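Welcome! Below are some exercises with worked solutions, to be read with the structure at hand. Try each task before you read on.

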Amino acid sequence: MGTSRGLKICCGVTAIFVVMIAIIFTILAFTVFKPKDPEIRIYPQGLENIGFGLGGISNLSTANVNVSVEMIVAINNRNYGSFKFKNATAFVNYRGDVVGTVPIEQARVPAHGKLNISTVAAFMMDRLIANASFWADVLAGSVNVSTYATMHGKVTMFKIFKMQASVPSRCDISLFIKSQSVESICKTKIKL
């Protein structure tokens, strides 16, 4: 009878221990290890190769504009897991039309780490000029665009747990013509 009682006590203590460990892991999963949205910022290096010219005052269809924006995309990973993402493309929208692309090369952002990616926004000028509001915005001194990108990849926690994740981001960018400067505000949301 003594061994039966000892076995029951051992099983009871083990069950309580397992329940406590499960509760601790659940609490940690919903608090400390809860995925946090990465911070993405765009640091423009200024407007390069900007030139506005009209083929004739009465003929706006022959207008030409050459704009490329060199930028650094800074990603701050606030999570306990690293994020390795594949090549992605951000699309630049102007008043509902896609007018440019921004290539984002594959990379790995370490846990609680930062990564800077150098890239250049390439604009499809024929689409930009075709928008009736473009020249009015240029004459007003600023052109407002938005970029949309989704980075697909894997989150690795403690080099053991691997999960597929995607990080959609949206940036609102203002291009100031006279000062040749750029301002941006970005929002992201991680999806596991």
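Two strands count as paired if DSSP finds at least two bridges between them. Keep in mind throughout that this is a predicted model.

**Exercise 1. Strand pairing**

Find how many bridges join strand E8 to E9, and which way the two strands run.

Solution. 
- Step 1: Locate strand E8 at residues 142–157 and strand E9 at residues 161–176.
- Step 2: Count the bridges: 16 of them join E8 to E9, and the strands run antiparallel.
- Step 3: Check one pair by eye. Thr156 has Lys162 in E9 as its bridge partner.
- Step 4: Look at the connection. E8 and E9 form a hairpin with three residues between them, and Phe158 in the turn has a positive phi of about 55°.

Solution. 
- Step 1: Strand E10 covers residues 181–188.
- Step 2: Eight bridges join E9 to E10, and this pair runs antiparallel.
- Step 3: The hairpin of E9 and E10 has four residues between the strands, and Gln180 takes a positive phi near 50° there.

**Exercise 2. The cysteines**

Work out which cysteines are joined by a disulfide, and which parts of the chain the pair ties together.

Solution. 
- Step 1: A disulfide is a covalent bond between the sulfur atoms of two cysteines.
- Step 2: Search for the bond. The structure holds one disulfide, and it joins Cys171 to Cys186 with an S to S distance of 2.1 Å.
- Step 3: Cys171 is in strand E9 and Cys186 in strand E10, so the link ties together parts that are 15 residues apart in sequence.
- Step 4: Connect this with Exercise 1. Cys171 stands opposite Cys186 in E10.
- Step 5: Describe the link. The angle about the S-S bond is 110°, and the link is right-handed. Both Cys171 and Cys186 are buried.

Solution. 
- Step 1: Take the cut-off, which asks for two cysteine sulfur atoms within 2.5 Å.
- Step 2: Compare. The cysteine sulfur closest to that of Cys10 belongs to Cys11, but it is 5.7 Å away, so the two are too far apart for a bond.
- Step 3: Note the surroundings. Cys10 is partly exposed at 47% relative accessible area, and Cys11 is partly exposed at 48%.

**Exercise 3. Salt bridges**

Solution. 
- Step 1: Recall the idea. Side chains of opposite charge can pair when their charged atoms come close.
- Step 2: Take the pair of Arg95 and Asp137, whose side chains meet at 3.0 Å, N to O. This pair links distant parts of the chain, 42 residues apart: Arg95 is in the loop between strand E4 (88–94) and strand E5 (97–104), and Asp137 is in helix H3 (residues 134–140).
- Step 3: Classify the partners. Arg95 is exposed because its relative accessible area is 52% and the limit for exposed is over 50%. Asp137, at 14%, counts as buried.
- Step 4: Take the other pair. Arg170 forms a salt bridge with Asp172, with the closest N and O atoms 2.9 Å apart. Arg170 is partly exposed at 36%, and Asp172 is partly exposed at 34%.

**Exercise 4. Positive phi in loops**

Find where Arg95 and His112 sit, and give the phi of each.

Solution. 
- Step 1: Return to Arg95 in the loop between E4 and E5. Its phi is positive, about 50°, although Arg95 is not a glycine.
- Step 2: Move to His112, in the loop between strand E6 (107–109) and strand E7 (114–123). Phi of His112 is near 50°, a positive value in a residue other than glycine.
- Step 3: His112 counts as partly exposed at 48%.

**Exercise 5. The annotated region**

Which feature does UniProt place at residues 6–33, and how much of that stretch is helix?

Solution. 
- Step 1: Read the record. The unreviewed UniProt entry places the feature "transmembrane region" at these residues, 6–33.
- Step 2: Compare with the model. Over residues 6–33 the chain is 89% helix and 0% strand, with the end C-alpha atoms 38 Å apart.
- Step 3: Look at the surface. Phe17, Val18, Ile21, Ile24 and Phe25 form a nonpolar patch with about 490 Å² of accessible area together.
- Step 4: Pick out Phe25. This residue is found in helix H1 (residues 2–30) and is exposed, with a relative accessible area of 56%.

Conventions
Residues numbered from 1 in each chain as written. Predicted model: local features only at pLDDT ≥ 70, side-chain atom pairs only at ≥ 80, totals over all residues. Heavy atoms only, no water. Salt bridge = Lys/Arg side-chain N within 4 Å of Asp/Glu carboxyl O. Buried < 20%, exposed > 50% of the residue type's maximum accessible area, 1.4 Å probe, protein only. UniProt positions renumbered as here; feature names shortened; annotations may be inferred. Patch = residues over 30% accessible without salt bridge, like charges linked within 9 Å, V, L, I, M, F, W, Y side chains within 5 Å. Areas by Shrake-Rupley, 256 points an atom, 1.4 Å probe, with all protein chains shown as cover.
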